[in-house]
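Subject: Structure handover

Dear colleague,

Here is the structure I said I would pass on. My notes on it follow below.

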Amino acid sequence: MDLDVFVSAHRAEWDRLDALLRRRRRLSGAEADELVALYQRTATHLSLIQSSAPDPQLTGRLTHLVARARSAVTGTRSASWRDVTRFLTHGFPAAVYRSRRWWIPTALLSTVLAAIIGWWVATHPEVQSTIAAPSELREMTRPGGEYETYYSSHPAASFAAQVWTNNAQAAAMCLVLGAFLCFPVIWILFQNMLNLGVGIGLMSSAGRLDTFLGLVLPHGLLELTAVFVAAGTGLRLGWTVIDPGPRTRRTALAEEGRSALGMAIGLALVLFVSGAIEGFVTPSGLPTWARIAIGIGAELAFLAYVYVLGGRAARAGETGDLHRDERSASVPLAA
């Protein structure tokens, strides 16, 4: 496309749209119809320029012009409790459901990795000796040792807040850093599985694996699921950079990035629940079976939320991205 010829052919339309947007008086019916038509044509022009002959200065001008026109045509819109409700019942669960082909394999492979690390640590004393001195290992794994007192070492409320903050940061890093070709996400996930596997191995070698699982499972099921969802979504975002499919790389990354941002907000709420369980249920005096039952119940509730509400919303066309009228204008692409 010859950009100079294209600009010469359509500059008058852009100037006319700008003039209509600057009108301080109320537009007539004919002028309003003209504004809508010019807005639609200018949005198409912007998409053509972005895909065929990107020019930063011209793209910036038309982006600003299209944004002003969109505001004039659709009116300003502010968030409401209805938006929050829709996000929680449609957007977030649909985004998690759509990402299941990424986070479910991530969860399975990570769990296997943690189990292998746990077996390796438990069956190789020389590996244990590289972790800490024998006296320190005994102090960590003995009844009333560090692994047990960790969950009751601080007041429940402050401990829950600390756990929630740390886990939310880890999930956000997985989502944000996924755009860097997946490698940071893999490293963060490996570190989490390494810590879990070392705990399994050390407590297993001390003959106290049941105690360790009784402390980890109540909050760990939901917590790890949230981390796996974040990691899977981050990997999906990274793969979008490598293979955007029929969309342009910019469009694909924008769509998946907006969805990932919504996932970060939703997963923060999920991790808040797991943090509350870790702060109040895990160190409580409840029997082990009761604490584990609470953890399993929270996990099953989340999976039902994703597969029932999320599956229904996804089949209805929900993606977790912005509504169609809130996205940047674009032209269709051939399959």
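Predicted model: local features only at pLDDT ≥ 70, side-chain atom pairs only at ≥ 80, totals over all residues.

Overall figures

The protein has 335 residues, and 39% of them count as buried. Among contacts with a separation of 6 or more, 76% are between residues 24 or more positions apart.

Helix α5 and its neighbours

Helix α5 covers residues 100-123, and helix α11 covers residues 209-242. Their axes come within 8 Å and cross at roughly 120 degrees, which makes α5 oblique to α11. The crossing is right-handed. On the α5 side the contact is made by Trp-102, Trp-103, Thr-106, Ala-107, Ser-110 and Thr-111. On the α11 side it is made by Phe-228, Val-229, Ala-231, Gly-232, Leu-235, Arg-236 and Trp-239.

Helix α5 also crosses helix α10 (residues 183-205), with axes that come within 7 Å at an angle of roughly 40 degrees. That angle makes α5 oblique to α10, and this crossing is right-handed. The residues of α5 that meet α10 include Leu-113, Ala-114, Ile-117, Gly-118, Val-121 and Ala-122. Among their partners in α10 are Leu-189, Phe-190, Met-193, Leu-194 and Leu-196. Thr-106, Ser-110 and Thr-111 of α5 take part in the contact with α11, and Thr-106, Ser-110 and Thr-111 are also listed in the contact with α10.

Helices α1 and α3

The axes of helix α1 (residues 3-22) and helix α3 (residues 56-74) come within 11 Å and cross at roughly 35 degrees. This crossing is left-handed. From α1, the contact involves Leu-3, Val-7, Trp-14, Asp-15, Leu-17, Asp-18, Leu-21 and Arg-22. From α3, it involves Leu-58, Arg-61, Leu-62, Leu-65, Arg-68, Ala-69 and Ala-72.

Aromatic rings

Rings of Phe, Tyr and Trp count as a pair if their centres lie within 6.5 Å. By this rule there are seven aromatic pairs. In one of them, the ring centres of Phe-92 and Tyr-305 are 6.2 Å apart and the planes are at 40 degrees, so the pair is tilted. Phe-92 lies in helix α4 (residues 81-98) and Tyr-305 in helix α13 (residues 288-315), so this pair ties together parts that are 213 residues apart in sequence.

Are the two residues buried or partly exposed? Phe-92 is buried, with a relative accessible area of 3%, while Tyr-305 is partly exposed at 22%. Ring pairs also link Phe-92 and Tyr-305 with Phe-87 and Phe-302 into a cluster.

There is also a charge over a ring: Arg-100 lies over the face of Tyr-97, at 4.0 Å from the ring centre.

One more position

Ala-276 lies in helix α12 (residues 249-281). This residue is partly exposed, with a relative accessible area of 28%. The C-alpha atoms of Ala-276 and His-219 are separated by 8.4 Å, and the two residues are 57 residues apart along the chain.

Regards

Note on methods. Residues numbered from 1 in each chain as written. Heavy atoms only, no water. Phe/Tyr/Trp six-rings, centres within 6.5 Å; stacked < 30°, edge-to-face > 60°. Helix = DSSP H or I, 4+ residues; strand = E, 2+ residues; numbered from the N terminus. Buried < 20%, exposed > 50% of the residue type's maximum accessible area, 1.4 Å probe, protein only. Lys NZ or Arg CZ within 6 Å of the ring centre and 35° of its normal. Axes fitted to C-alpha atoms, helices over the stretch in contact; angles between N-to-C directions. Parallel < 35°, antiparallel > 145°, perpendicular 65-115°, else oblique. Left-handed = near helix turned anticlockwise from the far one by under 90°. Contact = heavy atoms within 4.5 Å.
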